[in-house]
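Welcome, and thanks for opening the viewer. Keep your selection tool at hand, and we will go from stop to stop together.

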Amino acid sequence: MGLFKMDKILVSTEEFFALHRGIAEASNDQGLGLKLGTEERLERYDPVKIAAISARSFRDAIQRVSRYKQLTCPEEVRVVERGNESAVQFVWLLAHEKEPHLLVDVCFAWIVSMGCRGIGRPLIPKRVEFQRPPAHREIYETHFRCPVKFKADQNALVFSKADMELPFVTHNADLLGVVAPQLEAELTQQLAQKTFSEQAKGILKQLLAGHRPGIQDLARELHLSTRTLQRRLTEQDLTFQRLLDEARRELARHYLLQSSRELNETAYLLGYEDANSFFRAFHHWEGTSPGQWREFQKNSQQAAQTHLATPATRRRASLGLHRTIKGGGL
């Protein structure tokens, strides 16, 4: 309990996951995560959620959550566009294991809850996709009021593209004008502690979801002109293509380790035109095929579990911290 008495609570991704597993194991309520994620009291919203609910549209709200989440934890909220659908996915960047089911439930329930509050009426996804085996289907379909697909390639909350553009009746330009600048200032200060290449690669990873960003896209996100960005890259002996390749390589390793996605889908998410281009690039990076690399890493992780048996060893192995904000969720 001493953890929760701290002014600023910092835990590793591993500890964050363990907390949610513990909550699930201590409860007999299979719908607990859905209840925890459905916050109806606005006074319990943290600054990130207040910025989201004050946004212009559902898409704008999710983009703000994704942007400002960087202040509290190594997590990304991505919107992957496919045809007339938009899939919202939560990506835990430093995870070495699957995220707990309870945590997925909390995140998905909160996105829907935030969307409903913002548009002023029920927001019904097209479907919910879970990687987990089928269980308690009725609870989830009753809560989300849409079909639920189990054993999916990824955990995703799927909306129509039209839903993403729905305007928020809670849009408050004055409140956003108070909250957003402070969040942006904190984000700028935090990013300043990273190297320029780390900042650039982090942005490219966000831009890569099904698209191939160009140098002008990176310049826009860094609030630089293309010419200024090119000059800074040259000064640091970098090229845009090198940064893009490094971002793709790091993302590829993450996708292969943390999901059961088909290799064709991984290629798409990395912005490759076809799977063969991805296979050639991956073989150049790692000296083996994506499938063989994934199998080798899986076997290596299983062998390492014995070494990581004690709490002290696990803590030393953990990377990255999550900060919980008192009075306001994840």
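**Stop one: a charge over a ring**

Start by selecting Arg82 and Tyr268: Arg82 lies over the face of Tyr268, 4.4 Å from the ring centre. Keep in mind as you look around that this is a predicted model.

Next, select residues 75-82, which make up strand 2. Is this strand enclosed or open? It is largely enclosed by the rest of the structure, because 7 of its 8 residues are buried.

**Stop three: aromatic rings**

How many aromatic pairs does the structure hold? There are 14. One of them joins Phe17 and Trp92 edge-to-face, with 5.7 Å from centre to centre and 85° between the planes. This pair links distant parts of the chain: Phe17 belongs to helix 1 (residues 13-26) and Trp92 to strand 3, 75 residues apart. Both Phe17 and Trp92 are buried.

**Stop four: a ring cluster**

Finally, select Tyr272, Phe278, Phe279, Phe282, Trp285 and Trp293, which ring pairs link into a cluster. Stay on Tyr272 and bring in Arg248: this arginine lies over the face of the Tyr272 ring, at 3.9 Å from its centre.

Definitions and conventions: Residues numbered from 1 in each chain as written. Predicted model: local features only at pLDDT ≥ 70, side-chain atom pairs only at ≥ 80, totals over all residues. Heavy atoms only, no water. Buried < 20%, exposed > 50% of the residue type's maximum accessible area, 1.4 Å probe, protein only. Helix = DSSP H or I, 4+ residues; strand = E, 2+ residues; numbered from the N terminus. Phe/Tyr/Trp six-rings, centres within 6.5 Å; stacked < 30°, edge-to-face > 60°. Lys NZ or Arg CZ within 6 Å of the ring centre and 35° of its normal.
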